[in-house]
Amino acid sequence: MSQAKHLILSRIRKGLGRGALPMEQQQRLHARMAQPQRNLVPQRAQAQGQAAIDMFVAMATEAAAEIINISQLAQIPAYIGNLIDDDSRPLLLPQEPELTSLDWATANITTATRVAQKGDLISLTTCIAGVAETGTLVLKSGPTSPTTLNLLPDIHCVVLRKEQIIGGYEDAWDLVRQAKLPRTVNFITGPSRSADIEQKLLMGAHGPKRLVIFLL
Amino acid sequence: MQIKSPQFKDNARIALADANLQQALDNLKSGFPGKRAAAIGRLPEFDQLRDQAKNIKNHAIENLDFYLETFASKVQDNGGHVHWAGSSTEACQTILDICRSVGARTVTKGKSMVTEEIGLNEFLQQHSVTPIETDLGEYILQLRDDHPSHIIAPAIHLNLPDVSEVFAEKHGTERKHDPQELMQEARDVLRQHFVAADVGITGANFYIPETGSTIIVTNEGNGDLTQTLPKVHIVVTSIEKCVPTLDDLSLFMRLLARSATGQECTVYNTLSTGPRQTGDQDGPEQFHVVLVDNGRSDMVGDDLQDMLRCIRCSACMNHCPVYSQIGGHAYGWVYPGPMGSVLTPKMIGIHNAGHLPNASTFCGKCESVCPVHIPLPKLMRSWRETQHRQQTSPATARLAISGWAWLARHPRLYQLGSNIAIKAMRLIGGKRGRLHNLPVGRGWTLWRDLPAPEGNSFQQQWAQQKHRLSDTGGNP
C-alpha cells in the first residue's frame, strides 16, 4: 500500500474513531451497491407512455434541441440534406446498418463511418434512451458508436424511438447496468452553450451548435 | 496561487470602489438567484431530495475509507490507475509524472477547482508542460494571467471589453465586440488544442464506488472533449466527492444544476469508466484517477465534517450579500463566498484567512439555499470561536465580548446598564430618533445612522407581560 494511501485512510479512521470497518458492515455496504435502491423519484420522473413522450419533447425543446417527428427512418436523408445545404463535407455515421443502409445517394449526401475529427460538420447517431424529466438523451460509447460523433461536429443528429423514452435517470441507469459499463456514457440535454461572457447565454461553445432529434 | 486573504479588508475596500467589478457583479445578482428559484419551483420534491442527499453524503463520509478503497479497486478492475495524494505537492508531482511517462508537452484541462487548489497550472509550467484551460471562462482568465473569482462562473468579475481586449492581444486578431464572435474565436483556437494535446485533465463532480466511474458536468462540452481526444485522461478529484451508487447520483444530478445555474439539467453529464475498451475507435488509452486529500481527512470527525458534504454548486456565494458586493477575488484564495470562508482557513491556515469567517452578517441565506444543508454560519462561528480561544481575533473584540459575557452573568447589573443605555441613546437620538455618531461604533455610524431604541427592553416587556397575565388569570 502506498504511503499516501495508508496515511489518508488512517486519518479518516482516526477521525471516525474506529479502525477498518467490521466485515459484516463491509458486506452490508457491498450489498447496498450490488442491489442499488432508488431514492425518492420525483413525480415528474415517473411519467410513462404518451405523458413521458410529451414531457420529453417539451423539456428537450426548452433546452434548445430541435425535434423532427418522423414515421420511418427513410425520411431522414431528406431532412439532413436540408441541414447540410450545399456543404460538401461528409455526414458521419456509426457502423450501424440501420443508418448506413439508408438511401443517402439520392439525397446527394456523402457519408463516412469513422471517428469525428476537427472540421467535421455533421453526424447522425442512435442513442439508448431519452429521459423525459429533463429532455435528456443517453448515449453509450462502443465499437460502433464512437463518443467523438456526439461532441465534435457542429451539428449532432440523433435518432430516438418513442419506445426508448423513459421517465427518469433511474431508468437510464437500469439500462446502462444491463451490460458491462462502457468507457463513456453521455447524458446530453440540448446543444453546447456558455454564459461565461457577462452571464449572457450563447449557444455553440465547444460541443455541437445544434442538436437535432429525429423522433420516430 | 498567491495567498491574499490576509489583505481581505483592503481587497474588499478596493472591490467596492471598482466600478467595472460592480457592473460585472450586477450580472450575478440579476441572474443565478432568480433562475434557481424558478427551477426549484418546478420541482416540488426539491426539499425532500435535499434531505436525502444530505443523508447520503453523511453516509458516504462515515464510511469514506471503505468507499475509497472500493472505488480504487473498481477503477483498477476497469483497467484504470489510481494515485493517492496526501498534499498539493504530491498531487502535482503525480500528475507531472504521468505527463512525463507519455512525453506530454501540452495538456488540455476541463474546469476543475481542485487543480486550482493544488496550483497545478503553475507547477506544470515550471516543469515544461503547457496546460491549456478549455472552459471559456477559464481560458479567458488564463490569457489574462488571472484566477477564477467564482467556482462555476470563473470570469464573472470581467466585462465584455476585457474579453475583447485580451483576445485581440493574445490571438493577434482584430478586436471583436460581439460575444458570439468572441466565443467562435475561442472555439476555433481551442479546437486545435483539443486534438493536439497529449493528455487531458478533468476534475470530477462525483466518483461512484459502485462502478468505479467518475462524472463531470459541463455546459460547453469542453471537459468532455478534453477527456475523449487525448491518449491519456487524468481525473483529479478530492476524496470527499463520493456518491456510492448511480441511483444515489440521480439525486445529485437533480440538485446540482438547479442549485448552481438554475438549469433543469446541465447540457453534458459524462460518466467515465476506465480507458477505451476493446473495439472502441476513440477514447483515451489510459485512465488515471488522482485522489487528493489536502487536509480533508483531518476534517473527518471534527467541527468541519459537515463541510465535506459540499458539492461545489455555488448557491451559497450566489445568494451571499457579502460576495455579491465584493466578488470572489477579495477573499484572496481559491474558494470564495461562504463555503470558502469555511474551507479556506482549513487549507491555508486561520492565521492567513482569519478575516474570512468574520466577513459574514450571519443572515443565513447560504445555509437556506445549500442543497446538502451545510450549516455554514455555524461553521464560520466555529472558526470565530477558534480565533477567540487562540486569541487571534482583535483584542478590542475579545475585550468587548468578555465584558458582555461578564455582564450577562450579572443580570441586575445588565438590566441597570441596558436601561441607562436605552435612555441615553434616546436622549442623544432626539426627535429624529437616530444617532449620527457613536464613539464605540464608528464602523457603523461612519456609513449610516443607528436608530435609537424605541420601546422598552425585551426584559422589561417580558416582565410587563407576565404582570398583565397574572392580573388576567393567565389569559392574554
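Two strands are taken to pair if DSSP finds at least two bridges between them. In this predicted model, strand β9 (residues 184-188) of chain A and strand β8 (residues 268-272) of chain B meet that criterion, with 5 bridges joining them. The two strands run antiparallel. Within this pairing, A:Asn186 stands opposite B:Thr270 of β8(B).

The contact between the chains draws 79 residues from chain B and 62 residues from chain A. On the chain B side, helix α11 (residues 179-196) supplies the largest share, 8 residues. By class, that side of chain B comprises 32 nonpolar, 29 polar and 18 charged residues.

Helix α1 (residues 3-16) of chain A was examined next. At 1.5 Å a residue, its 14 residues should span 20 Å; the end C-alpha atoms are 20 Å apart, so expectation and model agree. Four residues of α1(A) are buried: A:Ile8, A:Leu9, A:Arg11 and A:Ile12. They lie on the same side of the helix, because they cover an arc of only 160° around its axis. An α-helix has 3.6 residues a turn, so residues three or four places apart point the same way. The face of α1(A) turned away from the buried side carries the exposed residues A:Gln3 and A:His6. Chain B contributes to the cover over the buried residues of α1(A), including α5 (64-77), β1 (81-85) and α14 (296-299). Just after α1(A), A:Gly17 adopts a positive phi of about 65°.

Chain B is assigned three domains: domain 1 (1-19 + 316-393), domain 2 (31-298) and domain 3 (410-471). The C-alpha centres of domain 2 and domain 3 of chain B are 53 Å apart.

Definitions and conventions:
Residues numbered from 1 in each chain as written. Chains lettered and ligands numbered in written order. Predicted model: local features only at pLDDT ≥ 70, side-chain atom pairs only at ≥ 80, totals over all residues. Domains from an automatic or database assignment. Expected span 1.5 Å × (residues − 1). Buried ≥ 20, exposed ≤ 12 C-beta atoms within 10 Å, placed from the backbone. Arc of directions from axis to C-beta. Contact = placed C-beta atoms within 7 Å. Nonpolar A, V, L, I, M, F, W, Y, C, P; charged D, E, K, R; others polar.
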